[in-house]
Amino acid sequence: MEKREELYSGKAKSVYTTDEADKLVLEFRDDTSAFDGKKKEKLSRKGMVNNRFNAFIMDKIAAAGIETHHISLLSDHESLVKKLDMIPVECVVRNIAAGSICRRLGVEEGLDLNPPTFEFFLKNDELGDPMINEFHIRSFGWAEAEHIEKMKTLTFAVNDVLKELFLAGGMLLVDYKLEFGLFEGRVVLGDEFSPDGCRLWDQQTREKLDKDRFRQGLGGVVEAYEEVGRRIGIQFD
Ligand code: ADP
């Protein structure tokens with residue numbers, strides 16, 4: 001496999017074509033951003049940590065029978081993935097209230113959501129990733145009804161796998177964001193799963209171990225990501 005030209009450079013990752021038309025290289029950079037790209041910083045080791053973290057989680061998800069784009073780790077910062085036709089929506093499951101839902105609905109951070117709730121957001125930084133519903137997705141042609149159903153089912157299926165995994169490491173999976181795309185007509189999990197796109201709290205102390213450390217200027221961001229990784233059995237060096 002040969003890495004060719006850069007196709008896209010996002011806020012945290014760069015995407016490269018390869019000599020195989022249906023495969024891409026994802027490069028996990030040290031860049032970290034929040035608030036739709038308004039707060040930015042380079043955090044040493046973050047690219048490597050997220051790349052390895054993501055590969056480990058994608059393998060767990062695949063082992064549970066959920067198809068993902070992940071093929072293999074290529075290096076500290078790079079992974080080989082299936083090229084998906086990305087659906088421009090973010091699927092969010094929340095087990096505990098935190099972040100934007102608290103502001104929108106006036107609920108207190110830490111409220112248990114039983115059953116867990118589900119939200120769609122449009123992937124559009126200029127618009128601040130607005131919350132949308134299934135009617136918007138269909139009316140604007142972002143995805144078909146059948147694919148919307150599949151995204152919901154798969155996002156909840158990931159919850160069953162990951163809630164257990166993190167709980168075994170003494171952590172609560174508060175919420176997370178997934179992105180899907182189409183591969184040969186199937187809805188497949190794409191992008192990444194790392195502490196950049198989820199909230200994880202220590203089960204006992206409720207200490208934040210995710211990107212909220214960056215958003216809230218708490219420090220120890222990458223150290224917390226590594227701690228999460230170690231607690232679920234990932235070795236970083
Ligand atoms: P953003 O675009 O939000 O700044 P990133 O920096 O993470 O995000 O860039 C990665 C980009 O690659 C995202 O736009 C994501 O949708 C896209 N992507 C992730 N996985 C795949 C895939 N398997 N095939 C095609 N595009 C992908």
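A residue is called buried here if its relative accessible area is under 20%, exposed if it is over 50%, and partly exposed in between (1.4 Å probe, protein chains only). By this scale Asp 191, at 16% relative accessibility, counts as buried. The model is a predicted one, in which local features need pLDDT of at least 70 and side-chain atom pairs count only at pLDDT 80 or more, while totals for chains, interfaces and linings use all residues. Residues are numbered from 1 along each chain as its sequence is written, and side-chain values use heavy atoms, with hydrogens and water left out.

We may turn next to the ligand and its surroundings. The shell around the ligand holds 16 residues, of which Tyr 8, Lys 11, Ala 12, Lys 13 and Lys 123 come nearest. Sorted by class, this shell has 7 nonpolar, 2 polar and 7 charged residues; Ala, Val, Leu, Ile, Met, Phe, Trp, Tyr, Cys and Pro count as nonpolar, Asp, Glu, Lys and Arg as charged, and the others, Gly among them, as polar. Strand 2 (13-18) and strand 7 (78-82) each supply at least two residues of the shell. Strands (E, at least two residues) and helices (H or I, at least four) are DSSP runs, numbered from the N terminus.

Polar contacts, meaning pairs of N or O atoms within 3.5 Å, can be followed atom by atom. A polar backbone atom of Lys 82 is 2.8 Å from a nitrogen atom of the ligand. From Glu 179, a polar side-chain atom lies 2.8 Å from an oxygen atom of the ligand. Asp 191 takes part through its backbone: an N or O atom there lies 3.1 Å from a nitrogen atom of the ligand. On its own the ligand has 560 Å² of accessible area, and the protein covers 89% of this, with areas taken from the Shrake-Rupley method and a 1.4 Å probe. Asp 191 itself sits in the loop between strand 12 and strand 13, and its phi is near 55°, a positive value in a residue other than glycine.

Strand 11 (residues 171-183) deserves a paragraph of its own. This strand is mostly covered, with 12 of its 13 residues buried. Two strands are taken to pair if DSSP finds at least two bridges between them. Strand 11 pairs with strand 8 (residues 85-96) in the antiparallel sense over 7 bridges, and within this pairing Lys 177 is the bridge partner of Val 92. Strand 13 (residues 198-202) also runs antiparallel to strand 11, joined by 5 bridges; here Met 171 stands opposite Asp 202. A further antiparallel pairing, over 5 bridges, links strand 11 to strand 12 (residues 186-190), where Phe 183 stands opposite Arg 186. Strands 11 and 12 form a hairpin with 2 residues between them, and Glu 184 in the turn has a positive phi of about 50°.

What describes a pair of aromatic rings? The distance of the centres and the angle of the planes do so. Rings of Phe, Tyr and Trp (its six-membered ring) pair if their centres lie within 6.5 Å, and count as stacked with planes under 30 degrees apart, as edge-to-face over 60, and as tilted for the rest. The structure holds 6 such pairs. Phe 118 and Phe 156 form a tilted pair, 5.7 Å centre to centre with 40° between the planes. The pair links distant parts of the chain, 38 residues apart: Phe 118 belongs to strand 9 (residues 112-122) and Phe 156 to helix 4 (residues 145-168). Phe 118 is buried at a relative accessible area of 19%, whereas Phe 156 is partly exposed at 31%. Phe 140 and Trp 142 form a stacked pair, 5.0 Å centre to centre and with 25° between the planes. Phe 140 is exposed, at 56%, and Trp 142 is partly exposed, at 25%. Phe 53, Phe 166, Tyr 176 and Phe 193 form one aromatic cluster.

A few backbone details complete the picture. A cis peptide bond, with omega of about 5°, joins Asn 114 and Pro 115, and Pro 115 is found in strand 9. Asp 129 has a positive phi of about 45° although it is not a glycine; Asp 129 lies in the loop between strand 9 and strand 10 (131-132) and is buried, with a relative accessible area of 17%.

Conventions. A residue is near a molecule or strand if one of its heavy atoms lies within 4 Å of it. A polar contact is a pair of N or O atoms within 3.5 Å; within protein, one must be able to donate a hydrogen and the other to accept it, and residues adjacent in sequence count only if both atoms are side-chain atoms.
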